[in-house]
Every structure is written in structure tokens, then in C-alpha cells.
Amino acid sequence: MIIRQIRVTPVAFRDPPLLNAAGVHEPWALRTIVEVVTDEGLTGLGETYGDLGHLGKVRECAQALVGLGVHETNTMYARIGAIVGDVVGDAHGLTGAGTREKSVDRVFSPFEVACLDIRGKTAGVPVVDLLGGRVRDAVPYSAYLFYKWAGHPDQEPDRFGAALDEAGIVEQAALLIKEYGFRSIKLKGGVFPPDQEIAAIRALHAAFPSVPLRLDPNAAWTVETSIRVGRELEGTLQYLEDPTADISRMAEVAAAVPMPLATNMCVVTPEHFPPAMASRAIGVLLLDHHYWGGLVRSSHIAAMCQAFGLSLSMHSNSHLGISLAAMTHLAAATPNLTFACDTHTPWQDGQDVVKPGALRFIEGAVPVPAGPGLGVELDRDALAVMNEQYEKCGIVARDDTTYMQRFEPDFSARRPRW
Ligand code: GKR
Ligand code: MG
């Protein structure tokens, strides 16, 4: 099982105008699809970010992995580590600080996932079995609500409509729950003044009293604001995600609010664990195999969380079905991942590079795909269309802030904002 070829294809798919602390999603979201092909003719799939700097590193590293066996992930990691010299952060700044190790982990991840896909196909077992076997047959996801405009300013309104106040947010939750059956809700905050977002959480709590709720303002608040909001929302939130920036500030907030704090911003690479644990800054870590170095390394992080008494959820960015499959295999094999995971899947609204059928939502949960490996098959026609969209869309790196400033020239992504 020697790697003979690696194909790296950037793609773009339509994305609605979802608002966040950095600005607003552009009309196209970018991803990179990785296909690893072996001497025996097997192909494994991986999916990662599409920003140009990252894409360049993925392409460069792909060349360096040809000739290795699909089991040699330690050597792959070392080779990638030797190539990724600089810190390549996310382009919108909502997955925390970049470090060199995190950059290596980000580039390594799609290759590792693709190799696990091949190893599963060869052994005739799903990837979940290579990660220790399933502890759940289906992985619960949460309804990921966003404040949003009715449509991109130069386009027709999309089918989700506007959500710019609590009524719009409750309506959006009802739609996603009706279509997907979600049993947990996360609201992306950091968009409006905190009192408005408190009102939205209270409206959600009133409309869906038994559904666990989370709020994530992506570090848009000061310590004082975070403590005030946390206290006002006592009894309504399952956890409060990244109210403020940095481990030390999160620790101040954690000591003063009634609910656990969660993060995908202040603990995003192994070196963040010691200070975060020492200061009790977080109670929940959002795993994300895209920047925690693939599925096996993410399992190790999960074990570390178990040792330190941290709970687990899962983070997401705009993604396609290869990522959803990988997230589902990982979550199904992780005993202590007990919170419903995040996914942006509803916002991709049926667009995908994988053939339909293998991934579906039943009562808000995705059953582990049945086939060997990741259990999903690449749709080559869809890949070609999305690659053409990438070539034509004119976007090469996600930039929610500059896009927002086209319509609101005074917008600032400064954090803390409130
Ligand atoms: O898609 O706008 C978005 C989210 O805000 C995303 O970029 C964040 O990284 O979902 C993420 C989060 O939980 O912080
Ligand atoms: Mg978050």
C-alpha cells in the first residue's frame, strides 16, 4: 500500500451571508479535497481548508509523501513538519492563535484521514473501527444558528431568510429542527450587543424549553461583559463558548459564572493545555480534527481531556461531506465526547462532493456510514463543478471582515467589542 499519487483539488460552494464577530460569510466557501492513490489502485479521501496559503502547503507536502506506505503516518508527520516552516493561521481568526505545531497539524490532517480511509477499505472495516470501535451508532449534532441577512446584498434572498432578531432566530431554529431533527442548539453570537443576544437565548429557551442551548460570541466580550452575560443566562445555557479571548481571561470568567466555558479559540494546540488546566480556564474542549492533526491525534487529545476532567464537543467551519464523515467516525469512537457536535452542514444546503446516500440525519444524529473506510464516495462530476466554481469565484482566502466592510464601511472586527 504505497502512495503513488496525491491529487489536491480546491473547491468552492455557495455559502449564505452568516454573521459573526469577524464580519459576514462571503458568497463562496472554500475547501480543499485530497485524494491519496495507492499502487493497488485504492483511493482515500481527505478534506481541509481552502485558503491559498494553506492550499500551497498542502500541495507542497503532497509531493513529499509519494512513495510512503499508508501506515507510515509518523514519517508523514515528520516530513510535513520539515516543510511547514511558517505559522499558517486561519484567515478569519475564529479558531484561535496559530502556532507552528498547529500549522503542521492542519496540513497533516487531510492526508492522515485519506490514509485511514484506505486502511479501512483494505481491511474491509469502517474508520471508526481503526479508532477503537464505536461507542455510539449515530453521532448527535446541534442546530448551528446564525444571525444572517436574507441574502447576499447583490443576490436574491436565500431559502433560510433573514434572522436579525430573536423572532428570526427562533424561526431559524424551528426550520433546522424540522428538517434535521436536532436536539441541541448553538447560537453564533458576537454580532449584536450582548443584551440582544441574551434576549435571543431567552426566546430560544422559551420556545424549546427542553433543548440544551449554547452561545458562542467568538471572544467579542470583555471579562466584565462575559461575567455579566454568564450570570444573566444562569439556568439557560449548557455551556458558554469563548466569551472572551485568552486563557487567563477565560479563567477569570470561568471562576465567576455558573456554567462551564467551552473553547475552540484559547486551547487549540497541545502547548495550550498546561496553562489552561492550571488556571481552570475551560470545562469543555471543542475537538476539531482539521487542526488537531487528524483523527488519531484527536483521539489522543480526547484521552488527555479525560485525564484532566474536561468534557468534549466538536467544532466546525463550513465543510462538505468528507469532513462530516470523518467527524462522525471520530465522534462515534470517542467515549467522552458526550455533547452534540457542531456542523455547518445545513448551510451547504445539499451541495457536496460526495455521492448522496451515505450521510443522513436522523433525529439530529448522523449514523456512522456503513461502508469500509470513511464510507463515502467522491462524486467526480460535483468535484469538477465545484473546482470550476473555485476558479471563477475570485475568492482565494476567507475574509469575512473585508466582505462586511463593502456594505458597512465602519464595521470593525476589533475584539473585545463589548
Ligand atoms: O462559520 O462563521 C463561522 C463560525 O464562526 C466559525 O468560523 C467558527 O470558527 O464555528 C466556529 C466557532 O465555533 O467558533
Ligand atoms: Mg466556537
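**Ligand 1 and its surroundings**

Modeller: A polar side-chain atom of His315 sits 2.9 Å from an oxygen atom of ligand 1, and please keep in mind throughout that this is a predicted model.

Biologist: Which other polar atoms lie by an oxygen atom of ligand 1?

Modeller: His25 places a polar side-chain atom 2.7 Å from an oxygen atom of ligand 1, while Ser316 has a polar backbone atom that is 2.9 Å from an oxygen atom of ligand 1.

Biologist: And how much of ligand 1 does the protein bury?

Modeller: The protein buries 100% of the 340 Å² that ligand 1 exposes when taken alone.

Biologist: How many residues surround ligand 1, and which are the closest?

Modeller: There are 18 residues around ligand 1, and the closest are Asn20, His25, Tyr144, Asn218 and His344.

Biologist: Switching to the metal, what coordinates the magnesium ion?

Modeller: The magnesium ion, which is ligand 2, is coordinated by Asp216 through OD, by Glu241 through OE and by Asn264 through OD1, at 2.0 to 2.2 Å. Along the chain these donors follow the spacing D-x24-E-x22-N. Asp216 belongs to strand E9 (residues 213-216) and Glu241 to strand E10 (residues 239-241), so this pair ties together parts that are 25 residues apart in sequence.

Biologist: Is Asp216 buried or exposed? And Glu241, buried or exposed?

Modeller: Asp216 counts as buried because its relative accessibility is 0%, where buried means under 20%. Glu241 likewise counts as buried, at 0% relative accessibility.

Biologist: What does the UniProt record say about domains?

Modeller: The unreviewed UniProt entry carries the annotation "domain: Mandelate racemase/muconate lactonizing enzyme C-terminal" for residues 166-260. In the model, that span is 49% helix and 12% strand, and its end C-alpha atoms lie 24 Å apart.

Biologist: Where is Thr263, and what does it touch?

Modeller: Thr263 is in strand E11 (residues 261-263), and it is buried, with a relative accessible area of 0%. If residues up to four places away in sequence are not counted, Thr263 touches Asp242, Met250, Ile282, Val284, Leu285 and Leu286. A polar atom of the Thr263 side chain also lies 2.8 Å from the backbone nitrogen of Met265.

Biologist: How far apart are Thr263 and Pro275?

Modeller: In sequence Thr263 and Pro275 are twelve residues apart, and in space they are 14 Å apart from C-alpha to C-alpha.

Biologist: Next topic: where is Asp342?

Modeller: Asp342 is in the loop between helix H11 (321-332) and helix H12 (345-348), and at 0% relative accessibility it counts as buried. The side chain of Asp342 makes a polar contact of 3.5 Å with the side chain of Ser142.

Biologist: What else is Asp342 in contact with?

Modeller: Leaving aside neighbours within four places in sequence, the contacts of Asp342 include Tyr141, Tyr144, Lys186, Arg214 and Met327. Also among them are Glu241, which is one of the residues that coordinate the magnesium ion, and His315, whose side chain has the polar atom 2.9 Å from an oxygen atom of ligand 1.

Definitions and conventions
Residues are numbered from 1 along each chain as its sequence is written. Chains are lettered from A and ligands numbered from 1 in the order in which they are written. This is a predicted model: local features need pLDDT of at least 70, side-chain atom pairs count only at pLDDT 80 or more; totals for chains, interfaces and linings use all residues. Side-chain values use heavy atoms; hydrogens and water are left out. UniProt positions are given in the numbering used here, feature names are shortened, and annotations may be inferred rather than shown by experiment. Helices (H or I, at least four residues) and strands (E, at least two) are DSSP runs, numbered from the N terminus. Donors are N, O and S atoms within 2.8 Å of the metal (3.2 Å for Na, K and Ca); water is not among the atoms, so sites may look incomplete. Buried means under 20% relative accessible area, exposed over 50%, partly exposed in between (1.4 Å probe, protein chains only). Contact means heavy atoms within 4.5 Å. A polar contact is a pair of N or O atoms within 3.5 Å; within protein, one must be able to donate a hydrogen and the other to accept it, and residues adjacent in sequence count only if both atoms are side-chain atoms. A residue is near a molecule or strand if one of its heavy atoms lies within 4 Å of it. Accessible areas come from the Shrake-Rupley method with a 1.4 Å probe; for residues, only the protein chains shown count as cover.
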